Amino acid sequence: MQTIGIIGAGISGLAAAKSFKERGYKITVLEKAAAIGGVWDRNRFYVNVTTQTTKNEYAYSDFPMPEHFHEWPTGDQMNQYLLDYAAHFDLLASIRCNTTVLDMQYEADAWQVAALDNCTGSNLSYVFDFVVVCTGTFHEKYIPSFPGMEAYRAAGGEILHTSEVTDQKLLRDKEVAVVGFAKSATDIATQAADISTSCTLLYRKAQWKVPRFFGNKINLKYLLFSRFSEAFFVPYHKTGFQKVLHSVGKPLVWAQWRAVELLLKKQFRLKQCGMVPGHRIEDQISCSLGIAPEGFYEKVRSKKINAVHTEIESFTTDGVVLKNGARIRPDLVVMGTGFRQSLPFLSGHYLQRICNEQGQFRLYRNIINPKLPALGFVGFNSSLFSTLTSEIAANWLAEYVSGNLSLPVPGEMVKERMLIDRWKKRTRPISSEFSGLCIAPFNFQHLDALMKDMGLKTAAGRNPVYNFFKPINPRDYHQLLKRFRTRKGTGTETGQPVTGGAPALSGN
Ligand SMILES: Cc1cc2nc3c(=O)[nH]c(=O)nc-3n(C[C@H](O)[C@H](O)[C@H](O)COP(=O)(O)OP(=O)(O)OC[C@H]3O[C@@H](n4cnc5c(N)ncnc54)[C@H](O)[C@@H]3O)c2cc1C
């Protein structure tokens with residue numbers, strides 16, 4: 001393997017580019033957008049977006065976020081951070097923006113990749129020994145279709161996806177309806193409440209949201225991003241502690257979750273908002289867990305946000321008919337209805353090997369499927385701190401390609417994956433979200449498995465009690481990967497590339 005094609009230049013594509021480059025591979029990154037950043041590209045995020053994860057925990061292991069960044073960095077800060085990362089690790093020259101991958105066929109031991117130059121409209125073709133798919137779980141906007149939508153638009157009504165609300169001007173002085181209850185929907189509703197003529201939030205189901213500071217005091221990172229917090233979920237592989245905790249300690253686990261729910265009910269005054277979720281919080285915690293926007297619940301209580309527990313039935317020329325029988329007349333409907341996963345450049349016969357009938361991905365460690373040679377996925381392991389999980393997956397994949405991983409035989413991989421699938425179905429239905437590509441809340445369990453596969457230690461500090469309670473620290477993984485690079489004699493730490501070679505490119 002010499003030439004590596006990487007599709008996508010978001011957090012995962014950049015991590016993959018760095019991991020392969022530092023091992024001496026010739027990399028080419030193909031990005032369909034005009035700029036790098038993925039969801040953190042300035043043209044793709046909505047106005048006033050911030051991260052959900054705190055800055056130190058959302059950083060790459062070897063590139064801390066600047067001190068002056070907010071604790072929850074803004075979209076602009078994230079964009080700058082990724083540009084700086086790409087420049088610092090000398091990745092920019094390998095990235096071809098405005099290049100959409102259209103098709104890939106595996107022939108003669110290589111991937112023949114067809115792409116489109118979005119600027120000139122010309123066709124491009126590339127040949128790669130190995131392709132890394134880093135197209136993310138949030139790139140295809142999803143707007144459900146309702147009867148009458150076109151007539152509403154034709155009569156002057158506007159329908160936007162949340163990611164298209166890139167300027168507050170779009171909300172100002174309008175009657176706005178926002179659909180959804182996830183992060184983007186409630187973020188937009190909270191802003192619209194201040195600048196729009198009116199703001200109606202239409203939601204199907206109240207979900208638990210968490211505050212930035214629990215009880216207005218404790219930063220969420222201490223309660224959500226540690227091994228301690230992960231222990232309270234029932235995992236596939238239980239540690240000794242978890243075996244005890246989820247047998248004799250079961251009442252304690254139950255009481256802990258009810259205490260968290262009580263705290264959230266009190267802090268947000270959910271009863272007064274009419275927004276007490278009907279499900280247990282532990283069943284909901286996954287990648288879609290949202291942070292409550294500042295002031296959201298207050299605005300619901302004061303009716304600045306008119307929150308209506310219903311769904312859209314249809315559109316008319318002058319508004320929207322709701323399932324509860326009411327009619328509203330918004331000028332603008334903002335759809336916080338999320339994204340769909342799709343890989344349009346992989347034909348059906350390839351997709352069948354890596355996805356089941358329900359569209360759930362079948363990937364070992366969320367990275368490879370032995371049935372598709374020379375193909376890997378980075379970022380298909382979304383988590384509560386995705387930068388790090390992408391970076392560790394990128395290292396794992398680069399090691400795999402270098403032949404440095406000793407993995408089980410394909411039959412064993414399939415068996416393990418099937419066991420996990422069964423466990424997910426029985427124990428954690430929420431894990432089918434995002435086409436099964438979210439590993440949260442088992443972030444550490446997943447990271448530990450990847451680190452062990454690479455023959456690395458799973459914790460940097462010597463004090464197991466401290467390790468257990470402290471929030472994830474990407475810097476630890478820098479230390480752990482450093483040991484690995486020194487031992488293997490690969491990468492920038494030692495300046496010893498393992499292999500090299502000219503790119504086999506044509507048509508560009
Ligand atoms: C508003 C928002 C806030 C978030 N906040 C957090 C957070 O706080 N913490 C957290 O852990 N996660 C968060 N996430 C999840 C986020 O998706 C990940 O953290 C991470 O940014 C994903 O990076 P990625 O590179 O895997 O995917 P993306 O950022 O989606 O990048 C994929 C790239 O692939 C490109 N691409 C797709 N198809 C093609 C093609 N055919 N040809 C060429 N290029 C293609 C796209 O243009 C895009 O640039 C957030 C997501 C959103 C939308």
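**Strand pairing, a helix crossing and a covered helix**

Ile312 stands opposite Leu322, a residue of strand β18. This pair belongs to a predicted model, in which strand β17 (residues 312–316) and strand β18 (residues 319–322) pair in the antiparallel sense over four bridges.

- Strand β17 is mostly covered, four of its five residues being buried.
- In a regular strand the side chains alternate between the two faces of the sheet.

**The crossing of α1 and α13**
- Helix α1 (residues 11–21) and helix α13 (residues 386–401) have axes that come within 8 Å of each other and cross at roughly 35°, and the crossing in which α1 passes α13 is right-handed.
- On the α1 side the contact is made by Ile11, Ser12, Ala15, Ala16, Ser19 and Phe20, while α13 contributes Thr387, Ser390, Glu391, Ala394, Asn395, Leu397, Ala398 and Val401.
- By residue class, this contact of α1 with α13 comprises eight nonpolar residues, five polar ones and one charged one.
- An α-helix has 3.6 residues a turn, so residues three or four places apart point the same way.

**Helix α15 and the residue after it**
- Helix α15 (residues 443–453) is mostly covered, with nine of its 11 residues buried.
- Just after α15, Gly455 adopts a positive phi of about 75°.

Methods
Residues are numbered from 1 along each chain as its sequence is written. This is a predicted model: local features need pLDDT of at least 70, side-chain atom pairs count only at pLDDT 80 or more; totals for chains, interfaces and linings use all residues. Side-chain values use heavy atoms; hydrogens and water are left out. Axes are lines fitted to C-alpha atoms, for helices over the stretch in contact, and angles run from 0 to 180 degrees between N-to-C directions. Helices (H or I, at least four residues) and strands (E, at least two) are DSSP runs, numbered from the N terminus. A crossing is left-handed if the near helix is turned anticlockwise from the far one by less than a right angle, and right-handed if clockwise. Contact means heavy atoms within 4.5 Å. Ala, Val, Leu, Ile, Met, Phe, Trp, Tyr, Cys and Pro count as nonpolar, Asp, Glu, Lys and Arg as charged, and the others, Gly among them, as polar. Buried means under 20% relative accessible area, exposed over 50%, partly exposed in between (1.4 Å probe, protein chains only). Two strands pair if DSSP finds at least two bridges between them.
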